[in-house]
Amino acid sequence: MKKISLVQLKANQKGKIIEIHAGSGLQNRLLSMGISPGREITKLSQFMLRGPVAIKVGRSIIALGYGMAHKIIVEVE
Amino acid sequence: MNKKIFLIGNPNVGKSVVFSRLTGIEVITSNYPGTTVEFTKGYLKIDEEKLEVIDLPGTYSLEPTSKAEEVAVSLLKECPPDKSIVINIIDATNLERNLFLTLQLIEDGYAVIVCLNMCDDAIHRGIHIDISALEKLLNVPVIPTCAVTGFGIRYLIKRLKEAKPVLKNKVNHYQRWQEIGRIIETVQHLKHRHHTLREILEDVSVRPLSGLIMATIVIYISFKVVRFLGELLIEKIFDPLFFNFYQPLLEKISLALGQKGFWHHLLIGELIEGKIDFRQSLGVLTTAPYIEFAMVLPYLVSFYLILSILEDIGYLPRLAMLLDNLLHRLGLHGFAIIPVLLGFGCNVPGILATRVLESKRERLIATTLISIGVSCVPLQAMIFGLLGSFSGFYTGGVYLVLFSVLVILGLILNRILKGFSPELILEIPPYRLPPFLLLMKKLFFRIKGFLFEAAPIVLLGVFMVNILLYFNLFEILIDIFAPVIKGLFGLPKEAIIPLAIGFLRKDVAVGMLMPLGLSPKQLFIAATLLAMSFPCIASFLIIFKELGLRDLLKATLIMLLTSTIVGTIVNFVILR
């Protein structure tokens, strides 16, 4: 088990969210979209030069800015 | 008091389509989150009882994070729960995420009825939902629908009365997700299938390299098609109508008016070499309708057709993701591309759409950049009409100057304005094939909006200008601004009239440049100035309404400064 941020996760790799380092406003916003600790996610892609990250949570695809992806910590096998 | 019906749900679940089905009122719908940024009201009649129906902007939760979500939540909270029925529209292909808001609504004591929309799409994707089990677990009515075809809407209306508040403990977000997990396990069954072509295309567009290639192809084709269709409409329909049918009629009127005098000047305008020239005569009956119908309308139709197709397929959020990086440097994030694209049709809906952006700072930047660097179709059509006969260098040049100004100004604004640009959080919707009828309705709706709002202003504008010209009332203005216009921009001093008219409507203003006999360089400068300086009156009012007086003044100041600087630079440095 390794703890890395969403940015470090590779494309097509799966991970489980364990922590979100953000204020309560952002936490709630992510939560309401289904991004919460305990959820399994798959990273779909990462755009170059600190571009956004696309992840799949449940059945939705969500694009997150680089800075935000950096704050989301996932656990991988 | 009659009860109010609220339509609420996550972004992009089809609330507005359900609204149209319930009330018969046409509203713009698309396939991206945040199409509805204002609320729309309508009425639904059930057994002689008239109920008010309110279509709210989409929201993920009852804690708003943008202006559009704020509108939704505050409107809902204004009305006491016992006076309202909440139709919670949820996307069957994405039940899990949608249930978050559903549970919040139920916990807050609203009379909720769940409209499980896009059921047909769920079946295609191999998702089976046990409706009666879901109904039992939520303890509120659940009605499967497909709003695009109208399936289930009647049943929804029939069961509206069953919506009642149910007793439910409030829980925190974490507990709510756990509850959703339990519900999903019971009611949703997924069939495993092979990837379809659609899913492969969906995948391709969110990956960097393939996404970029796809975007280039999509944008290139869109431009080509818009131009081709616009030209086709002009050549085959509008020009023949004007020249073969309308002109002979006008020539008769002109003769009847004696070819001169006040009324002739007002209605027909000046005769060019003894004949009516639609482009130059500048009369209320000649140039005004020609500009609107034969020069602007065809391109507007083709632009909105292509934009609507891209919107409904669900391509735009993918473009937003691709451009996130670039837009971040301008103080915005990727989603700002949607207001910008809408702004190319008309700045007003573009500025309104900035409501999806989170902060006031972003909205100020986006609004200023749209008003300066994004030319609406009417303006673009006229620039093409004006400069199209010269080398492509000039039309291309206008776009290049505007784009550079947009980027440079964005970079500067991002530096000097306090605060920082928020990060992108955007749901990427699945691709959907737009139903043809819905697409046509939307196109019709947008064109109708243009005709009713723009055409009267154009006629009024030409009317006013003609009166002012007839009585030589522009002289004062011409004298005051002559040093700037002649000295800095190298234009004849009369050019102040079209530049001033640009405040009313840009297309009329460009139309007024035509009779001045300017050189290509002068036309280039005048067109660029018109595109960048003051927005037209409609955009001006919407900026005031959306951002308030202070930001309007800020934006105006930036516009005046930028256009003066750029006009001078183009005159003295670039086109020396």
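Good morning. In strand β5 of chain B, the residue that forms the bridge with Asp91(B) is Asn117(B). Please keep in mind that the structure is a predicted model.

Strand β4 of chain B, residues 84–91, and strand β5 of chain B, residues 111–117, are paired in the parallel sense, over seven bridges. As a reminder, the strands of a sheet pair through backbone hydrogen bonds, and the pairing may be parallel or antiparallel. Both strands belong to an open sheet of six strands in chain B, ordered β2-β3-β1-β4-β5-β7, in which the pairing is mixed. At the edges of this sheet stand β2 (40–46) and β7 (142–144) of chain B, each of which pairs on one side only. On average, neighbouring strands here are turned by 25° against each other, direction ignored.

I now turn to chain A. How many helices and strands does the secondary structure of chain A come to? There are two helices and six strands. Read from the N terminus, the elements follow the order β-β-α-β-β-β-α-β. The radius of gyration of chain A is 11 Å, close to the 11 Å that the globule rule gives for 77 residues, so chain A is as compact as a globular protein of that length. Along the principal axes, the C-alpha atoms of chain A fill a box of roughly 30 × 25 × 25 Å. Of the 77 residues of chain A, 45% count as buried. If we take the contacts in chain A between residues at least 6 apart in sequence, 58% of them join residues at least 24 apart.

Within chain A, strand β2 (residues 14–20) and strand β6 (residues 72–76) pair in the antiparallel sense over four bridges, and Glu19(A) stands opposite Ile73(A) of β6(A). Between the chains, β5(A) pairs with strand β9 of chain B, residues 425–428, in the antiparallel sense over four bridges. There, Ile62(A) has Glu427(B) of β9(B) as its bridge partner.

How many residues of each chain take part in the contact between the chains? It joins 26 residues of chain A to 26 residues of chain B. On the side of chain A, the elements that give two or more residues are α1 (24–32), β3 (40–46), β5 (60–64) and α2 (66–71). The largest share, five residues, comes from β5(A). By type, the residues on this side of chain A divide into 13 nonpolar, ten polar and three charged.

Is Glu292(B) buried or exposed? Glu292(B) is buried, because 24 other C-beta atoms lie within 10 Å. Leaving aside neighbours within four places in sequence, Glu292(B) is in contact with Leu297(B), Ala454(B), Ala455(B) and Val458(B). With Ala455(B), 163 residues apart along the chain, the C-alpha separation is 6.9 Å.

The second detail is a helix pair. Helices α17 (residues 392–416) and α22 (residues 520–532) of chain B pack at an angle of about 35°, with their axes 10 Å apart, and their crossing is right-handed. Among the residues that make the contact are Val398(B) and Leu402(B) of α17(B), and Phe524(B) and Ala527(B) of α22(B). The residues of this contact divide into ten nonpolar, two polar and no charged.

Thank you for your attention.

Methods. Residues numbered from 1 in each chain as written. Chains lettered and ligands numbered in written order. Predicted model: local features only at pLDDT ≥ 70, side-chain atom pairs only at ≥ 80, totals over all residues. Contact = placed C-beta atoms within 7 Å. Nonpolar A, V, L, I, M, F, W, Y, C, P; charged D, E, K, R; others polar. Pairing = 2+ DSSP bridges. Axes fitted to C-alpha atoms, helices over the stretch in contact; angles between N-to-C directions. Buried ≥ 20, exposed ≤ 12 C-beta atoms within 10 Å, placed from the backbone. Left-handed = near helix turned anticlockwise from the far one by under 90°. Rg over C-alpha atoms; globule rule 2.2 N^0.38 Å.
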